[in-house]
Amino acid sequence: RAYRRGVSSLKKLNKSNTAEDQVKALLVTLYTNLSTVTFKTSKFRVSADVASQAIAIESCNVKALYRRAVANRKLGDLEGSRNDLRAALAVDSNSSICKKELVSVKKELESVKENQKKALAKAFGNSGSFLYNDREALAKRKEEEEQRKKKEAQELAKKRKQEWEDES
């Protein structure tokens with residue numbers, strides 16, 4: 001609550017992002033801390049939005065970029081998370097926490113892409129795919145139907161032959 005009250009009070013002083021540097025710095029600090037608090041309470045969307053407000057004031061704030069990246073990762077936006085971490089590392093290439101998080105995000109992205117590849121291979125592959133199973137089942141049913149008709153025709157011919165022999 002205190003962070004929200006502080007942000008509300010300072011927002012009025014920073015209309016159109018034209019306030020003094022001290023006010024902007026304090027506002028960015030409040031936003032990043034509020035982002036941390038909301039993240040820890042599992043309000044990831046709010047955390048990302050608050051971090052975005054801090055980035056709107058100071059676009060090269062590493063802490064705000066990191067906070068938004070972590071929140072976006074929890075929300076499932078891995079691409080956005082990776083982009084924010086890259087931007088943070090462009091500003092501060094020595095940030096070890098951003099580097100670690102970027103490695104984790106990249107691994108998760110690779111895992112997601114690998115799972116998508118497997119799913120597509122299963123969907124479009126020739127053996128055991130669910131798209132081609134219907135065709136195989138249809139072909140099997142057609143073949144069984146043809147065999148049944150052929151058997152009926154043979155039985156009918158056999159019956160006619162028997163009737164013809166009985167008449168003679």
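Predicted model: local features only at pLDDT ≥ 70, side-chain atom pairs only at ≥ 80, totals over all residues.
Of the 168 residues that make up the protein, 30% count as buried. Mean pLDDT for the protein stands at 84, with 83% of its residues reaching 70 or more. Confidence is lowest in helix α1, which spans residues 2-11 and has a mean of 64. At the other end of the scale sits helix α4, covering residues 62-75, where confidence is highest, at 93.

Turning to the fold, the secondary structure consists of seven helices and zero strands. Read from the N terminus on, the order of elements is simply α-α-α-α-α-α-α. As for how the chain meets itself, contacts between residues at least 6 apart in sequence can be sorted by separation, and 43% of them join residues at least 24 apart.

A disulfide is a covalent bond between the sulfur atoms of two cysteines. The structure holds zero disulfides; for a pair to count as one, the cysteine sulfur atoms would have to lie within 2.5 Å. Cysteine 60 is partly exposed, its relative accessible area being 42%. Cysteine 98, by contrast, has a relative accessible area of 1% and is therefore buried, since the cut-off for that class is under 20%.

Key: Residues numbered from 1 in each chain as written. Heavy atoms only, no water. Buried < 20%, exposed > 50% of the residue type's maximum accessible area, 1.4 Å probe, protein only. Helix = DSSP H or I, 4+ residues; strand = E, 2+ residues; numbered from the N terminus. Contact = heavy atoms within 4.5 Å. pLDDT = per-residue confidence, 0-100.
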